[in-house]
Amino acid sequence: MVVSGIDHAVIAANSLRETREAFEAAGFAMTPIAEHIALKAVNTLAMFEHSYLEVAQATDNQAFGAMLNKALGVDKENLAMLAFRVDDLAQFAHASGLEVIEASRPATVPSTEGDAKFKLAWLPRDPMETVQ
């Protein structure tokens, strides 16, 4: 079970539109705002060759949305999480006692529309809470 790098970082935003505009003003090319219905959030991405930066705002205070809200600083954006790339998520999750969550959201790239599908295994805030 090998962690092979950082897949992406997530920045929690109070106002996704304002934060997106600030990133664009700083020179980042941001994707259109998209909705994660199952995760109760909206996001925009700055894509890089092998990773991306996700700026997200909660639409509800449950699950992922609650995590984003908890990560927010007082009236400012904040690093909410780092997503690591692993060679075999199922093996990693099984060995760590974690549940794998499958999710998707509508996605549009030039001339193509479809669903972006992904699998996640959430590590607890306190690593000793669940990881065996």
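Residues are numbered from 1 along each chain as its sequence is written. Because the model is predicted, local features need pLDDT of at least 70 and side-chain atom pairs count only at pLDDT 80 or more, while totals for chains, interfaces and linings use all residues; side-chain values use heavy atoms, with hydrogens and water left out.

The protein has four helices and seven strands. Both kinds of element are DSSP runs numbered from the N terminus, helices being H or I with at least four residues and strands E with at least two. Along the sequence they follow the pattern β-α-β-β-β-α-β-α-β-β-α. Of the 132 residues, 33% are buried; buried means under 20% relative accessible area, exposed means over 50%, and partly exposed lies in between, with a 1.4 Å probe and protein chains only. The accessible surface comes to about 8500 Å², and 53% of this belongs to carbon and sulfur atoms. Such areas come from the Shrake-Rupley method with a 1.4 Å probe, and for residues only the protein chains shown count as cover. Among contacts (heavy atoms within 4.5 Å) between residues at least 6 apart in sequence, 53% join residues at least 24 apart.

Five strands form an open sheet with mixed pairing, in the order S2-S3-S4-S1-S5. S2 and S5 stand at the edges with a single partner strand each, so one side of each has no neighbour in the sheet. Neighbouring strands are turned by 35° against each other on average, direction ignored. Two strands count as paired if DSSP finds at least two bridges between them.

Strand S3 (residues 41-47) is mostly covered, with six of its seven residues buried. On one side, S3 pairs with strand S2 (residues 34-36) in the antiparallel sense over three bridges, and Glu35 stands opposite Val42. The hairpin of S2 and S3 has four residues between the strands, and Lys40 in the turn has a positive phi of about 60°. S3 also pairs with strand S4 (residues 52-58), again antiparallel, over seven bridges. Here Thr44 stands opposite Val55 and Leu45 opposite Glu54; a hairpin of four residues joins S3 to S4.

Helix H2 (residues 63-71) lies across S1, S3, S4 and S5, and runs at about 130° to S5. Axes are lines fitted to C-alpha atoms, for helices over the stretch in contact, and angles run from 0 to 180 degrees between N-to-C directions.

There are two salt bridges, a salt bridge being a side-chain nitrogen of Lys or Arg within 4 Å of a carboxyl oxygen of Asp or Glu. In one, the side chains of Arg85 and Asp7 meet at 3.3 Å, N to O. This pair links distant parts of the chain, with Arg85 in strand S5 and Asp7 in strand S1, 78 residues apart. Arg85 is partly exposed at 29% relative accessibility, and Asp7 is partly exposed at 23%. The other joins Glu24 and Arg20, whose closest N and O atoms are 3.4 Å apart. Glu24 and Arg20 are four residues apart in helix H1 (residues 16-25), so about one helical turn separates them. Arg20 is buried, at 19%, whereas Glu24 is partly exposed, at 33%.

Finally, Val3, Ile6, Leu79, Leu82 and Phe84 form a nonpolar patch on the surface, with about 450 Å² of accessible area together. S1 (3-12) and S5 (78-86) are the elements that give two or more residues to the patch.

Note on methods. Patch = residues over 30% accessible without salt bridge, like charges linked within 9 Å, V, L, I, M, F, W, Y side chains within 5 Å.
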